[in-house]
Amino acid sequence: MTRAPVARLPTARRAAELKAFLEDPGNFDTLSMVFNRSSRFARLQGVQCAMAGRNLYMRFSCCTGDAMGMNMVSKGVQNVLDYLQHDFPDMDVISISGNFCSDKKPAAVNWIEGRGKSVVCEAIIKEDIVKRILKTNVQSLVELNVIKNLAGSAIAGALGGFNAHASNIVTAIFIATGQDPAQNVESSHCITMLEAVNDGNDLHISVTMPSIEVGTVGGGTQLASQAACLDLLGVKGANRDSPGSNARLLATVVAGGVLAGELSLLSALAAGQLVKSHMKYNRSSKDMSKVVS
C-alpha cells in the first residue's frame with residue numbers, strides 16, 4: 001500500500017536535497033526502522049519522490065500484512081515526517097496525502113507502479129467450449145478484444161480501462177467482502193488480452209490488474225455478512241502462519257472473477273446476444289406494484 005505526503009521547502013534546491021536524502025539507499029535502513037515502529041506488520045519497501053517547484057511529493061510503499069493498510073501506512077509515514085523535521089526543520093508538511101498515492105482516483109502512477117496487490121490471471125479455453133458454450137469462435141473473440149478493449153479504449157483516452165467491464169465484478173466482490181467500494185476506481189485498472197493458441201484452435205485469455213486494494217481484516221470485513229463471505233472463500237481474518245497471504249488470495253479471487261466476467265461479456269458481444277439476453281433476463285414479466293402489498 002502507498003501513501004504520499006506533500007511538503008513545501010523554502011526553495012526548489014532544498015526540496016531536491018530532501019528528495020536525494022529519501023532516495024539515498026544508505027538512508028533506507030534508518031527510514032525503515034522509524035517507519036516500521038508504527039505496526040507489527042508494516043514494513044517499508046521504498047520511497048519514490050517527485051517535485052513540483054519547491055513542493056516535494058514522497059510516495060511511501062509498504063507491506064501491510066492482511067490489512068488493506070491505508071491507516072497503517074499513514075501512521076508509518078507520520079513517524080518518518082516527524083523524524084525528518086530534525087534534519088529538515090524548514091520542511092512544511094502541507095498534507096499527509098498529496099494525491100501522488102493515488103487513492104480513489106484514476107492515476108498513471110497506480111497503473112504503472114501498482115498499488116495494493118498486482119495480479120495476472122490467465123486461462124486457456126478449448127475450441128469446443130468456445131463454440132458450444134460461448135456460442136462464438138476464437139477468431140471473433142480475438143478480433144473483438146483488439147478493436148473494442150484495446151483500440152476503442154485508446155480512442156477514448158482510457159487510463160487503465162482496457163477491458164470490457166472489470167469494474168462490475170470488482171465492485172460486487174468489494175461490497176460482498178467488506179472492502180472500500182470507492183477504491184473500485186483504481187482496483188478496476190485492467191488490461192484484457194486474448195490470443196489464439198494451439199495452431200489457432202484454442203483461446204488464451206488473461207487479465208492484468210496492477211492495483212487491487214483488498215484486505216481481510218479491519219474496516220467492513222468485520223461486518224457479519226461480509227465476514228461470512230470471506231469465510232466462505234477461506235480468507236477470513238489474518239493468516240497467522242503467513243501474514244498477508246489471505247489478502248493476496250482474495251486479490252486473486254477478484255482477478256479470477258474479472259477474467260470470467262470478461263470472457264462472458266465479450267462472448268455475448270461477439271455472438272450478438274447482449275441486448276437479447278438483457279431483455280430476457282433483466283426484465284420482470286410481473287407488475288411488481290401489484291405484488292407488493
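Tutor: What follows goes from the core to the sheet and then to the helices across the sheet. This is a predicted model, where local features need pLDDT of at least 70, side-chain atom pairs count only at pLDDT 80 or more, and totals for chains, interfaces and linings use all residues. Residues are numbered from 1 along each chain as its sequence is written, and side-chain values use heavy atoms, with hydrogens and water left out.

The largest nonpolar core has 33 residues. Such a core is a set of buried Ala, Val, Leu, Ile, Met, Phe, Trp, Tyr and Cys residues joined through side-chain atoms within 4.5 Å; buried means under 20% relative accessible area with a 1.4 Å probe, protein chains only. Among the residues with the most contacts inside this core are Leu 194, Leu 203 and Val 258. Elements that each supply at least two residues include β8 (190-197), β9 (202-212) and α10 (245-270). Helices (H or I, at least four residues) and strands (E, at least two) are DSSP runs, numbered from the N terminus. α10 gives the most, nine residues.

Leu 194 is in contact (heavy atoms within 4.5 Å) with Leu 141, Leu 203 and Leu 266, among others beyond four places in sequence.

Now the sheet. Four strands form an open sheet in the order β6-β9-β8-β7, with mixed pairing; two strands pair if DSSP finds at least two bridges between them. β6 and β7 (161-162) stand at the edges with a single partner strand each, so one side of each has no neighbour in the sheet. β8 and β9 run antiparallel, joined by seven bridges. Ile 191 stands opposite Thr 208 in β9.

α10 lies across β6, β8 and β9. α6 lies across β7, β8 and β9.

Definitions and conventions
Buried means under 20% relative accessible area, exposed over 50%, partly exposed in between (1.4 Å probe, protein chains only). Axes are lines fitted to C-alpha atoms, for helices over the stretch in contact, and angles run from 0 to 180 degrees between N-to-C directions.
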